[in-house]
Amino acid sequence: MGDNSSSNELLGVTFNQDFGCFACGTSTGFRVYNCEPFGETFRRESNEGGIAIVEMLFRCNILAIVGGGSSPRYNPNKVMIWDDHQGRCIGELTFKSQVRNVKLRRDRIVVALEHKVLVYNFADLKLVHPIDTMTNPNGLIALSASADQTVLACPGLTSGQVRIELYDVQRTKWVHNAHSSPLACMALSLNGKLLATASERGTLVRIHATQDGTRLQELRRGADPARIYSLAFSKGNQPDWLAVSSDKGTVHVFSLQPRSPATDLSSLAARQDNDNTAKNPVSPISFVSSWLPVPYFASERSFAQFKLPEATRSIVGFGPQQTTLLVVVKV
């Protein structure tokens, strides 16, 4: 999406926790859109400055916002808690360095700085868990949305390492070699049981079980390096799909294990097997992976791809129907 006004720049776009809405931070404020049916829900814009990060809490009136752009409305070192019913900020968190990202759930606020991830209690804004990370300029964090499980994933202390916090059982798990190069993107399933990660190389996406850090699946986006913009699991306790967007202008959809029974994928324009079960194709020479030290042949390819305008940044999500893919494009 874009804005025809040259004076209003789009600074950031994020889905809410269940992909029902998305929010846009602009150089004059922020806007919120409903996904299905598509339409603008509200906007809060003025000449007071820009908002770079807008994090919704499902569809409620509380949002977390961070100033940004050439003329930030708020200091980029602050997270402002906005109550849209009152039309004002009702709380703030202040830091010594720039806020890189914010994630919300009903009981927690998680803030990513360049070298730390800080977990706050939502009710009183008290710090409950500071976490040291390696350099994290993109503010990589993933937070489960389900009330049943509280799971947080963030970069560890070394390149390619992931730290997983299982707060309900008070355990920390490590994925020590999630990737051989620095992390570029990560996402949790809604229930927090699955974690998807991609590195700066952008050729492989790996699926991990958060309970023990086990690698469950390896998915190949392509052979050429790419910048991964977004990862998204489909809804449900056992997600069937993972969507991936990158700077190559293609959105890939992968089937996840265990294989699910047949679903009508006509709305995804997907390739299907003759047995009517969507599967990721594997290289026909995958048998050589047992004696070649190259994972290329064993990784699975996407079963559906969608072409976007080149050189556009996009985020992906899933609609209320399991076969509905949502793509928001910054043009």
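Two strands count as paired if DSSP finds at least two bridges between them, and in this predicted model S21 and S22 pair in the antiparallel sense over 5 bridges. Within that pairing, Ile228 stands opposite Ser246 in S22. The points below cover the sheet, the nonpolar cores, the aromatic rings and the cysteines.

**Sheet**

- Strands S21, S22, S23 and S25 follow one another in that order in an open sheet of 4 strands, and their pairing is antiparallel.
- Strand S21 (228–233) and strand S25 (304–307) stand at the edges, and because each has a single partner strand, one side of each is left without a neighbour in the sheet.
- Direction ignored, neighbouring strands of this sheet are turned by 15° against each other on average.

**Nonpolar cores**

- The largest nonpolar core holds 23 residues, of which Val13, Phe15, Phe22 and Phe318 touch the most other members.
- Two or more residues of this core come from each of strand S1 (10–15), strand S2 (21–26), strand S22 (241–246), strand S23 (250–255), strand S26 (313–318) and strand S27 (325–330).
- With 4 residues, S27 gives the most to this core.
- Another core, of 20 residues, lies apart from it, and includes Leu57, Ala64, Val102 and Phe122.

**Aromatic rings**

- The count of aromatic pairs comes to 9, and one of them is the edge-to-face pair of Phe15 and Phe19, with 5.5 Å centre to centre and 90° between the planes.
- Phe15 and Phe19 are both buried, and Phe15 is also among the residues that touch the most other members of the largest nonpolar core.
- The pair of Tyr33 and Phe38 is stacked, because the ring planes stand at 0° with the centres 5.7 Å apart, and planes under 30 degrees apart count as stacked.
- Tyr33 counts as buried because its relative accessibility is 7%, whereas Phe38, at 58% relative accessibility, counts as exposed.
- A cluster linked by ring pairs is made up of Phe15, Phe19, Phe22, Tyr33 and Phe38.
- The ring of Phe58 has the charged end of Arg106 sitting over it, 4.1 Å from the ring centre.

**Cysteines**

- A disulfide needs a pair of cysteine sulfur atoms within 2.5 Å, and by this rule the count comes to 0 disulfides.
- Cys154 counts as buried because its relative accessibility is 0%, whereas Cys60 is partly exposed, with a relative accessible area of 33%.

Notes:
Residues numbered from 1 in each chain as written. Predicted model: local features only at pLDDT ≥ 70, side-chain atom pairs only at ≥ 80, totals over all residues. Heavy atoms only, no water. Buried < 20%, exposed > 50% of the residue type's maximum accessible area, 1.4 Å probe, protein only. Core = buried A, V, L, I, M, F, W, Y, C linked by side-chain atoms within 4.5 Å. Phe/Tyr/Trp six-rings, centres within 6.5 Å; stacked < 30°, edge-to-face > 60°. Lys NZ or Arg CZ within 6 Å of the ring centre and 35° of its normal. Axes fitted to C-alpha atoms, helices over the stretch in contact; angles between N-to-C directions.
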